[in-house]
Every structure is written in structure tokens, then in C-alpha cells.
Amino acid sequence: MRLTVFGATGGVGREVVRQALEAGHEVTAVVRDPARLGVPAHDRLRVAVVADLTDADALVPVLAGRDAVVSALGAASNRQARLSPVTGPAVQAVLSAMDRAGVSRLAAVSAAPVGPDVPSDGVVTRRVFLPLLRRALRDLYADLEVMEAELRASGAQWTVIRPPRLLNRPRTGAYRRVVGANVPRGRVIARGDVADALLASLTDPATARRAVGVAA
């Protein structure tokens, strides 16, 4: 496939780029600062510098001729999401540019707390831990909720991957996946496995226009 990856300099985004190249895909990595990509030069890797991810006109050239898009965008902190929401506005522009470029398939990373609670997780998790977490990171999750709403309202063939707490670890391939719900007792997952789930969803019709929970 010919892929465009947004958020390519983040922990999940770099893993997406690396794994996509290993799998033989052509990758356009969209970045603000090429020095932060941290992926060796490759004959199937193109680095595209875009200063403003909310400018749909600037995104059309990096999407033209692509088969699919991966968004690993996300605010670095709750404070950043409160002061300058990243994901929702950027994905809105990406969807507009995709439509103009004739690209329909997209996989995007969100977060497990944006999804519904799992009844089997128990009362303490559902009534104490998750409400506290959602309150502490309310601006970050609100940004992701805007992104998910934009996807649902679009005509794109999207998949949202909802992981729990991310660990700086490579792909294991030994993670759990639930289409349409969060993973029971899902507490953590390696960033490498989130990247694997994003890429795998692009060729899995069962995940089209669905949210997918993942966890170790």
C-alpha cells in the first residue's frame, strides 16, 4: 500500500512508519520537524513537512495517490489539549483533504476512556478509577471525542483504535482486540502493538467504520 502517516514523530507514529516500511509499504511521513522522525532514510519513505495540519489545502498534495491514511495524532498533555486542541481540528482537515484527493481509508488512534466502560471490569474501575481519569484528562479526551465525531459524520472508511495506557515497548503481536468495545481488564499496551493494530485494520473490512479496543 501507499500510506500517509500523520503524527509520524510521536511514539506510535514512528512505530507505524517503521512497521509499514518493514511490511513493504510506501510511506509518506507528515512532520513539522524532520529531525524528530528518528527513522533511517529509505527508498520507500518520503518525508513531507507541513507546518499547519488544519490547512486542508496543504494536505491534499501529501494524500494524492495514496491508498490509505494513518493518524497517530494526539496532544502531548491535557494542558496542551486545553490550550490548543490538536487531534479534532487536524483530522477534520485530513478528512476534507482525503475527500478531495480521492482517498477513503483511514485508521486513527484514540484512547480507551473515550469508549464505553466494560461491565465486567468491576465497580471500582467503572465508578472510581475511570471517572477520576476522565476528569484529570478531560481536555485531552474531549479533543479525541471531537475527532471521533468528525469521523462518524464523514463518508470515510475509518477505524478508530482505542488503547489504554501506552508503554514505550516494541511490537509483541500478543495483544487482545475487541471490535466495537474496549478490552476487558485492559490496562496497558505497547506502542508497537498499537501501531500493528492500526496497520492491520486497514485491510480488515470487519473494522471499517468501527472502534476497536486493544490491550495487552
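1. In this note, helices (H or I, at least four residues) and strands (E, at least two) are DSSP runs, numbered from the N terminus. On that basis, Asp196 belongs to helix 7. The structure under discussion is a predicted model, and the points below should be read with that in mind.

2. The largest nonpolar core of the model contains 35 residues. Phe6, Leu53, Leu59, Val69, Met98, Leu106 and Leu151 are the members with the most contacts inside it. At least two residues of this core are supplied by each of helix 2 (56–63), helix 4 (87–101), strand 5 (105–109), helix 6 (138–153) and strand 6 (157–162). Helix 4 provides the largest share, with 7 residues. Apart from this core lies another, of 30 residues, which includes Val39, Leu45, Val70 and Ala195. As general background, nonpolar side chains tend to be buried together in soluble globular proteins.

3. Leu151 within the core. Leaving aside residues up to four places away in sequence, Leu151 touches Val91, Leu95, Leu106, Ala108, Trp158, Val160 and Arg209. Leu151 is also listed among the residues with the most contacts inside the largest core.

4. Helix 4. This helix comprises 15 residues and spans 20 Å from its first C-alpha to its last, close to the 21 Å expected at 1.5 Å a residue. Its buried residues are Thr87, Gly88, Ala90, Val91, Ala93, Val94, Leu95, Ala97 and Met98. These buried residues pack against strand 1 (2–6), helix 2, strand 4 (68–71), strand 5 and helix 6. Just after the helix, Gly102 adopts a positive phi of about 75°.

5. Gln19 is located in helix 1 (residues 11–22). Is Gln19 buried or exposed? Its relative accessible area is 4%, which is under the 20% limit, and Gln19 therefore counts as buried. The side chain of Gln19 makes a polar contact with the side chain of Arg171, at 3.2 Å. Not counting residues up to four places away in sequence, Gln19 touches Arg171, Gly192, Ala195, Asp196 and Leu199. One of these, Ala195, is a member of the 30-residue core.

6. Asp196 and its partners. With residues up to four places away in sequence set aside, Asp196 touches Gln19, Arg171 and Tyr175. The side chains of Asp196 and Tyr175 form a polar contact at 2.5 Å. Asp196 also takes part in a network of salt bridges that links it with Glu22 and Arg171.

7. Salt bridges across the chain. In general, side chains of opposite charge can pair when their charged atoms come close. The count for this model comes to 10 salt bridges. One of them joins the side chains of Asp57 and Arg100, at 2.8 Å from N to O. This pair links distant parts of the chain, with Asp57 in helix 2 and Arg100 in helix 4, 43 residues apart. Asp57 counts as exposed because its relative accessibility is 51%.

8. Two further salt bridges. The side chains of Asp139 and Arg82 meet at 3.6 Å, N to O, in a salt bridge. Asp139 is in helix 6 and Arg82 in helix 3 (residues 78–83), and the two are 57 residues apart. At 45% relative accessibility, Arg82 is partly exposed. In another salt bridge, the closest N and O atoms of Asp204 and Arg177 are 3.0 Å apart. Asp204 lies in the loop between helix 7 (191–201) and strand 10 (210–215), and Arg177 in strand 8 (residues 176–179), so this pair ties together parts that are 27 residues apart in sequence. Arg177 is partly exposed, with a relative accessible area of 41%.

9. Ser154. Where is Ser154 found? Ser154 occupies the loop between helix 6 and strand 6. It counts as buried because its relative accessibility is 17%. Excluding residues up to four places away in sequence, Ser154 touches Leu95 and Arg209. The C-alpha atoms of Ser154 and Arg209 are separated by 9.8 Å, although the two residues are 55 apart along the chain. Arg209 is also among the residues touched by Leu151.

How values were computed: Residues are numbered from 1 along each chain as its sequence is written. This is a predicted model: local features need pLDDT of at least 70, side-chain atom pairs count only at pLDDT 80 or more; totals for chains, interfaces and linings use all residues. Side-chain values use heavy atoms; hydrogens and water are left out. A nonpolar core is a set of buried Ala, Val, Leu, Ile, Met, Phe, Trp, Tyr and Cys residues joined through side-chain atoms within 4.5 Å. Buried means under 20% relative accessible area, exposed over 50%, partly exposed in between (1.4 Å probe, protein chains only). Contact means heavy atoms within 4.5 Å. The expected span of a helix is 1.5 Å times one less than its number of residues. A polar contact is a pair of N or O atoms within 3.5 Å; within protein, one must be able to donate a hydrogen and the other to accept it, and residues adjacent in sequence count only if both atoms are side-chain atoms. A salt bridge is a side-chain nitrogen of Lys or Arg within 4 Å of a carboxyl oxygen of Asp or Glu.
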